[in-house]
Amino acid sequence: MFTLLAAVASLSLRAVDESSGVVQLQPAGFVASWGNATDVLVTWEVVGGDCERAAAPRCDYWVPGSAKFTSPAFATTYTDKCTGQNQCTAWVGCLFTAALNSTLVDETMAEGQFTFNYVCGDGTYGFSDTKSVVSRREPAAGEEFSFFMTADNGFDQNATSVKDGMLRYQEDLASPMARFFLVVGDIAYSNGNQTLWDVWMQGWESLQSAVPTLFSPGNHDGRWLFGNNYEVPNAPKVGGGESGTSYSKRLPGPGPNVFVESNLGQNIPNMNSTSYWWSVAYGGIRIIALSTVHDFSQSSAQYAWFVNELKQADTPESRKVNPWVIVTSHFPMYCTIDDCFCGNYTQAALEQRCQSGGTVLPGILEVNGVFIKAQLEELLLEYHVDLFLAGHEHAYERTLPINNLVPTVARPPTRKPAGTTDRYINPTAPIHIMAGSGGGSPDSDWRDYSAFNWTVVRSDDFENLSDRPYGFLVFTMSGDRTKLSGAYVNVVKNHTYDRFEIVKSGF
């Protein structure tokens, strides 16, 4: 009787905010990610809920026809206050995260099976419907797999189209299943409005609850060292930011638990997260995710961590298991958008960066492409990184394999026709890809293509779609781990505008 009454009471609490469409007082906004080497993390929110009222939050998970497992959930909340900003709002609610041991369910899976079911919630606010998520089970020898990448997403009709495009790919039985999804910064564009974080979590739930999503922070996600400032509304070049608390609390990941000191005084406390910077391995690939909005100078803790990860990844023993190394960064190193960030690879640009002469917490103005290059490129070359994936500029661009502004292969004499496939065999330098077209307002002003002999594909090539570059990258690893294929799908035309293959031998 008590259980029935509690269930009825919890149902009576449920509501939807009419102005935002945000589901309140029930589990919503599910995001799956990775934790330690065996865990699939599941995070959800109860908007308007009280963590102290939550009764035994948990997730039950299972493979259909097999035994169920249960993991308790950790509950937390946060306060994100701002001063003098109408856009900034506090948040009332509770966040829950449970660590689901993928190894337990993997052992009950049939050969070729890679998903399991879960239900999460608690006795006060109720439980979710049954959801399905991709496990961390390694692909079998000879089996292909895929993964997605976007950046600069937000949630509007353009982001919805990108999300739906990835869902269509995942539902296509002829395509290798995507095992994870990389989101490389600028997640929700809430600008301090916490309701927009709820809109984003709930809007992307259909994909992010089903495909483990690994996040890295961008300049709009926190007012960290190189992030946007959200307390200076009259300085548009540094505005449009976040404190960083929302990202830190809502999006746990597979990295070390890093503590950072707040520069916001008493309004925002110090914060910590396991998704600032991180490293994972799967299916022959080592992915090392940097946070270029935090300090990554040579004296920083992150730089020391990055060098150590690269050294370990590049040993002969590691390369036998994971022959591929991918590095991600929100900020690109090579790009040719016509602004202060891209295309100006001079000493003057390195010294000035994007400074406008102001003195108010420049943050994002302290960084540009040539600065990223000066800090990181030699490491990429020394430790034989294969791909450098970035966002930030709301466009798509891919380079040839490149070493200090010099392409290691010749660019074709004419611009690449859409749909053709470029092939690179044992390249001696990394390929750089900027794919910041996950939904944010487009950047469509480009520098002269002929002035840069290392860029090969840009979204201004896409049949008058430079102002509508929205799309996603999908990578496919061959069964023998010798070929990594990439495709950029524009969701406006539902057409693949860039295809390329990198082939490795001798490992």
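## Thr115

Thr115 counts as partly exposed, because its relative accessibility is 25% and the buried class ends under 20%. The model is predicted. Thr115 sits in strand β8, which covers residues 115–122.

Which residues does Thr115 contact beyond its neighbours within four places in sequence? They are Met109, Ser132, Val133, Val134, Ser135 and Met177. Pro64 lies 51 residues from Thr115 in sequence. In space, the C-alpha atoms of Thr115 and Pro64 are 9.8 Å apart.

## Strand β13

Strand β13 spans residues 213–216 and is covered on both faces. Thr213 and Phe215 are buried on one side. Leu214 and Ser216 are buried on the other. In a regular strand, side chains alternate between the two faces of the sheet.

Strand β13 has a partner in β12, residues 178–184. The two strands pair in the parallel sense, over four bridges. Leu214 of β13 stands opposite Leu182.

## The whole chain

The protein chain holds 10 helices and 28 strands. It has 507 residues, and 59% of them count as buried. Among contacts with a separation of 6 or more, 72% join residues 24 or more positions apart.

The accessible surface of the protein chain comes to about 19,400 Å². Carbon and sulfur atoms account for 51% of that surface.

Notes: Residues numbered from 1 in each chain as written. Predicted model: local features only at pLDDT ≥ 70, side-chain atom pairs only at ≥ 80, totals over all residues. Heavy atoms only, no water. Buried < 20%, exposed > 50% of the residue type's maximum accessible area, 1.4 Å probe, protein only. Contact = heavy atoms within 4.5 Å. Areas by Shrake-Rupley, 256 points an atom, 1.4 Å probe, with all protein chains shown as cover. Pairing = 2+ DSSP bridges.
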